[in-house]
Amino acid sequence: MKTRQRKARTIRISRDDVAGSGWPRATRAAVQVVVGAPEDLGMHEPLDTPLVVGRGDEANFRISDDSASRLHAWVGWDEEEDGYVCRDMDSTNGTFVNGELVQGQLVLTHSDRIEIGETLFEFKLADDKEIENQEKIEAWLSTDELTGLPNKRRFDAQLRRRVKNLAAQGTWIAILMLDLDNLKSINDHHGHHMGSRTICEVGQIIGEIVAGRGVGTRFGGDEYTAFLVGHNLEDGLEVGEQIRASIEELQLETDEVVVRTTISIGVAAAPCNELDPEWLCREADKALYRAKDKGRNTVSE
């Protein structure tokens, strides 16, 4: 099996964090989900560029709402109105602003409520600091604090949506279950701070490798999972090998020691039109146990 060669990755734990510079305070517009599917609650997006809201992959603000059209509504700046507007995009169930059906477009004002299917958005005008704080809240609600990957709730919702949307085409999806091999030893010998940094850096490697192919998440202390769209079993095993090799090359350095880790990976795959996501995750979990039984630091189907 061919794998891409990756340069060994060395990370200095003692490096200083570089603080980002603050934004200048200025009025900006944004929308936020205040009522909707659990995985969508808190989703927040500044209107620095127009948003197309819908449940389809073509939308740049995607929601998990079956009553929304794939491309449902457009929200953005209108030069003629000299303000922000909401337009319906010929949706099946219509778009409403404060209970009024949008016919053509409606100009938005602060605190307006935009109703798309069963999802309710709030339009707000806020200064940069408020926008920044809302983005932090959304990140807290939707991402894993150690790795920056989507949290398990967001991951599960994205997997269900992809399976449903791709079922008609019979597109394959591969699931990877991943487990670090020696986290307890790292915690015992080098402290939980080093263990946490290991979890963080491994999660970032997983996120980098699956980016553009699917989504990864951390769902336990040192356990991860990922799904890969359009990947059959052979493709999934190849990506798993890329992850395994990259983590084997990872070095975490302090002034005193160099810490290394390895990972075991189980892979399962099926076409979406025959797929129960929970079943496929269980199959990948069984494959992970087979990888552990083979001596760890390996990829198994």
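Q: How many aromatic pairs are there, going by ring centres within 6.5 Å?
A: The count comes to 4 aromatic pairs, and keep in mind that this is a predicted model.

Q: OK, what's the geometry of Phe-61 and Phe-121?
A: Their ring centres are 5.5 Å apart and the planes sit at 75°, so that pair is edge-to-face. The cut-off for that label is over 60 degrees.

Q: And which parts of the chain does that pair tie together?
A: Phe-61 is in strand E5 (residues 61-62) and Phe-121 is in strand E12 (residues 119-127), so the pair links parts 60 residues apart in sequence.

Q: Are Phe-61 and Phe-121 buried or exposed?
A: Both Phe-61 and Phe-121 are buried.

Q: Next one. What kind of pair do Phe-155 and Phe-227 make?
A: A tilted one, with 5.3 Å centre to centre and 50° between the planes.

Q: Where do Phe-155 and Phe-227 lie?
A: Phe-155 belongs to helix H2 (residues 152-166) and Phe-227 to strand E15 (residues 223-229), so this pair ties together parts that are 72 residues apart in sequence.

Q: What's the relative accessible area of Phe-155, and what is it for Phe-227?
A: Phe-155 has 1%, so it counts as buried. Phe-227 is buried too, at 0%.

Q: Switching topic: which residues form an aromatic cluster?
A: Trp-77, Tyr-84 and Phe-123 form one together.

Methods:
Residues are numbered from 1 along each chain as its sequence is written. This is a predicted model: local features need pLDDT of at least 70, side-chain atom pairs count only at pLDDT 80 or more; totals for chains, interfaces and linings use all residues. Side-chain values use heavy atoms; hydrogens and water are left out. Rings of Phe, Tyr and Trp (its six-membered ring) pair if their centres lie within 6.5 Å; planes under 30 degrees apart count as stacked, over 60 as edge-to-face and the rest as tilted. Helices (H or I, at least four residues) and strands (E, at least two) are DSSP runs, numbered from the N terminus. Buried means under 20% relative accessible area, exposed over 50%, partly exposed in between (1.4 Å probe, protein chains only).
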